[in-house]
Each structure stands twice: as C-alpha cells, then as structure tokens.
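Me: I have a new structure open and I'd like to talk it through. Can we go piece by piece?

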Amino acid sequence: GIELGKLLAQTGYITYDPGFVNTGATASSITYIDGEQGVLRYRGYPIEQLAQHSTFIEVSYLLIYGELPTKQQLEEFANRINRHTLLHEDLKRFFDGFPRDAHPMPVLSSAVSALSTFYQDSLNPFDTESVELSTIRLMAKVPTIAAYAYKKSIGQPFLYPDNSLGLVENFLRMTFGLPAEPYELDPTMVKALDLLFLLHADHEQNCSTSTVRLVGSSEANLFASISAGIMALFGPLHGGANSAVLEMLERIKADGGDVDKFVSRVKNKEDGVRLMGFGHRVYKNYDPRAKIIKQTADEVLSKTGGGDELLDIAKRLEERALSDDYFIERKLYPNVDFYTGLIYRAMGFPTRFFTVLFALGRLPGWIAHWREMMSDPATKIGRPRQIYTGEKQRDYKPLSER
Ligand code: ACO
C-alpha cells in the first residue's frame, strides 16, 4: 500500500478526497481500528482488556513508548510526571488576562502554546532528551493548566498540585478542592475518570491528531503542535460533541422529554439537527468505547443520587434510534461521547469543561503520534494539493472601472 501510494504520487495525479475519508496520510503502529467490526486496539492490546486491567498512566506509557511498562518503568514515569506538575508562577498570570466567562478550551490551548516560551530548553524536535522532557512536562502540566482554567472560571483560588497523589487524583483535587479544606477523593469518581481518560487516549488519525501531525510536520515543537490539536478538538463535531450531547438532552427534557418528537426532527433534518453522540466516521457497527462507558454511566449515576432524568432520556433515545430505519440504514450507532457527558456532569464538571477532559485523555495519543512522526524517516512536511475551481485567468481592472 505504501509503495503504491508513492508510485501514484510520482504520476502527478491528484486524489480528490474531501474530509480525507479514503486517504492514508501516514503509516502508524500506535492504534488499530476496524470500524466494521467495532475493534479498537492500542499497540495491539484490545481496548476491553486495557479498560478492565490497566490505568490511564500505564496506557499513556504504552502509547508513547510502544510497550507496557515494567513496574519500575511505570513508577519512574509517574514520578517524573509528578515532579513537573507545577506551573511557572509567571504562567499563572496568563489566566488573569482572560475574561471570566472564557471557554476553557482556548484558555488551555493558549497556555499550552505559551509553554514553548517558558520551556525553551526542550523545543528541539530532533533531540531525544528535549522531546522526552517536553513529553513529561506536557503530561504533568496540562492537568494543572486545565484545573486552573476551571478555578478561574468560578473565581476560586488556584490550588498547587499535591505530588503525593496520582495524575487523576491530583487533577480532581486541584479542580474541586479548596485551599483550607482537605479534599476527600471518591474512589468511584477516580476510577471512572481514569477509565474515561484511558478510553479517549488515542484514536489514530482523527481530526485533532491529524492536526498535531500536520503542524508538527513543519518541525514545529511539541507544545505548539499540541496547542493546535487542542483547538481542533474544540469543534462541536469532534471534541465538542460530549457537551453538545448534554445540551441536546437538556433541550429534550425542557420540551417535555418527548424522544419520538426529537427523533422525527433529526430524520426530517429540521434546521440540520443531528442526534449528537451518534455516528462516527470510522465505526459503522458500534463504537466499542461506548459499550464500556454505558456501564460506567450506570455506576457513577447510581452513586451520585440515583436515577437521573437525562440518563433516562439518553437510554430511551438510544433504544429508539437503534430500532429506526434512518439510523440503521446509515449505520449510525452511539459513539464514545453519547454517555461521557452524563458521567462528567454527575461528577460535578460544568458542560463547557467536558471538552477539556477529552483533551486530557487524548494528550498521550497526540504525543505518541507526534513522536512517531518525528522519528519516521519517511516524514515530509504535510502539504495537500487541491482541485482548483476558480477563474482561469483574467486581467486586472482599475478601481475606477469596477
Ligand atoms: N444524526 C443524524 N444523522 C446523521 C448523524 C447524526 N448524528 N450522523 C450522520 N448522519 C447522517 C447524515 O445526515 C448523512 O445522511 P444523508 O446521506 O441522508 O445526508 C449520513 O448520516 C452520513 O453522514 P456524514 O455526515 O456523511 O458522516 P461523517 O462520517 O462525515 O460524519 C460525524 C461523522 C461527524 C461523527 C457525524 O456522524 C456527526 O455529525 N455525529 C454527531 C456529532 C458527534 O457525535 N461527533 C462525535 C464524533 S466521535 C468523537 O469525536 C470522539
């Protein structure tokens, strides 16, 4: 396949493939997806096994370095991350400049972009030690930045990281804790958030990962490339979908909880309304992550106050859609985000923060892809071609004649 691709490129033919639905932009050994069969594997390990036995930090190691770590490698990785969780005090001042009601995604992206000004000693994309240091810095500092973005939005003081805690625990404490009070971690929440991060950790050449690769292909540093990826994830058709699902469920609830009415609107394509959290560019059978998450949704929601009306609407909506010809014919199934929003909400995160949580989970995947690309001798600067459809040629008319 790779050789044929090279050969075609030499012939001068251009492939017209909007949305890159059929374009292999790279070779990669990180994540395998079989959309027809609903299969997802990280470095060959089925997502179901990783979800059952592994943790987000271990999976991050697996994605970035290619193998499951030994006990010692895992400890070293976690310890190194813990030693880099603090933000430079000057970087904290950035948060003062944003409006209080700023969306946390551009705040996160801007702060990550600014890391390349604070950590100029780790910007060389071809120096192994630099790349390693940037990797650890990102894994450590992005959760701190995300928590600060949240604190800023609610007007609470920032909490310094507590490095005796693991990555997920630390993030929860920095987000929901208060300076003068001990923060009690809820093991169900920790486990659920860890699982959600793990399930979001990579998904091969999706929009944000392709963005990280495209930006990185110009030899832009890791911080810059990840910052761009965060902005790609901001869009409602990608990372914004989990917030959009919740907004949709709220609207259905406000409208009396009539699922049939909403499904009719979707089928009639009224105002382009879509069933958010349904459909996927690659999965045309089911999204294996959605299956795992559905169970977690039940666990978390029963822990945080029993039956939730929105969960009930979500379940009825899913049932209704799965038995409807419109969705069957188009192979539209619930994707990973159909239930994640409900879980995040039950944990106490505001809707606008959901996409930030997606970014935290996807971070090791972005890093793994950037590193794979940088070490691949076949890498070229990303530079797609086009089919020109404009005017062929015309002569300039002076302003007075127009
Ligand atoms: N609700 C209703 N109809 C849909 C939906 C949906 N969620 N998704 C696709 N369709 C329909 C389209 O209208 C189209 O039908 P048509 O041929 O009659 O016009 C057909 O299914 C194919 O849709 P496309 O848009 O061509 O499919 P594509 O692969 O480009 O889109 C996408 C995939 C963007 C995920 C789409 O399914 C969608 O918009 N879903 C809702 C948003 C969402 O949940 N995004 C999260 C994706 S997962 C992630 O980022 C982690």
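Me: How many bridges join strand 1 to strand 2?
Reply: Four bridges join them, and the two strands run antiparallel. Strand 2 covers residues 39-42. This is a predicted model, where local features need pLDDT of at least 70, side-chain atom pairs count only at pLDDT 80 or more, and totals for chains, interfaces and linings use all residues. Residues are numbered from 1 along each chain as its sequence is written.

Me: What counts as a strand, and what counts as pairing?
Reply: Strands (E, at least two residues) and helices (H or I, at least four) are DSSP runs, numbered from the N terminus. Two strands pair if DSSP finds at least two bridges between them.

Me: What holds paired strands together in general?
Reply: Strands of a sheet pair through backbone hydrogen bonds, either parallel or antiparallel.

Me: Which residues in strand 2 are the bridge partners of T31 and D34?
Reply: T31 has Y42 as its bridge partner. For D34, the partner is V39.

Me: What sits between strand 1 and strand 2?
Reply: Four residues, and the two strands form a hairpin. In the turn, G38 has a positive phi of about 70 degrees.

Me: And how do strand 2 and strand 3 pair?
Reply: They pair in the antiparallel sense, over two bridges. Y42 has Y45 as its bridge partner in strand 3. These strands also form a hairpin, with two residues between them. R43 in that turn has a positive phi of about 50 degrees.

Me: What is the strand order in the sheet?
Reply: It is an open sheet of three strands, in the order 1-2-3, with antiparallel pairing. Strand 1 (31-34) and strand 3 (45-46) stand at the edges. Each has a single partner strand, so one side of each is left without a neighbour in the sheet.

Me: Which residues of strand 2 are on the covered face?
Reply: L40 and Y42. V39 and R41 are on the uncovered face.

Me: Switching to helices. How many does the chain have?
Reply: The chain has 18 helices, plus three strands.

Me: Take helix 12. What span should it have?
Reply: Helix 12 (residues 241-254) has 14 residues, so at 1.5 Å a residue it should span 20 Å. The rule is 1.5 Å times one less than the number of residues. The end C-alpha atoms of helix 12 are 20 Å apart, which agrees.

Me: Which of its residues are buried?
Reply: In helix 12, they are A241, N242, S243, V245, L246, M248, L249 and I252. Buried means 20 or more other C-beta atoms lie within 10 Å of a residue's own; exposed means 12 or fewer, and partly exposed is in between, with C-beta atoms placed from the backbone.

Me: What do they pack against?
Reply: The buried residues of helix 12 pack against helix 13 (259-267), helix 15 (309-322), helix 17 (337-347) and helix 18 (354-374). Just after helix 12, G256 takes a positive phi of about 95 degrees.

Me: Is L167 buried or exposed?
Reply: L167 is buried, because it has 23 other C-beta atoms within 10 Å. L167 is found in helix 8 (residues 167-176).

Me: What is L167 in contact with?
Reply: Leaving aside neighbours within four places in sequence, L167 is in contact with F56, I57, I81 and P143. Contact means that two C-beta atoms, placed from the backbone, lie within 7 Å.

Me: Where is A102?
Reply: A102 is in the loop between helix 5 (89-97) and helix 6 (104-118). A102 is partly exposed, with 16 other C-beta atoms within 10 Å. The C-alpha atoms of A102 and R352 are separated by 9.8 Å, though these residues are 250 apart along the chain.

Me: Now the core. Which residues touch the most other members of the largest nonpolar core?
Reply: L108 and I343, out of 109 residues in that core. Helix 18 gives the largest share of this core, 12 residues. A nonpolar core is a set of buried Ala, Val, Leu, Ile, Met, Phe, Trp, Tyr and Cys residues joined through C-beta atoms within 7 Å.

Me: Last one. What is the mean pLDDT of the chain?
Reply: The mean is 92, and 99% of the residues reach 70 or more. pLDDT is the predictor's confidence in each residue, from 0 to 100.
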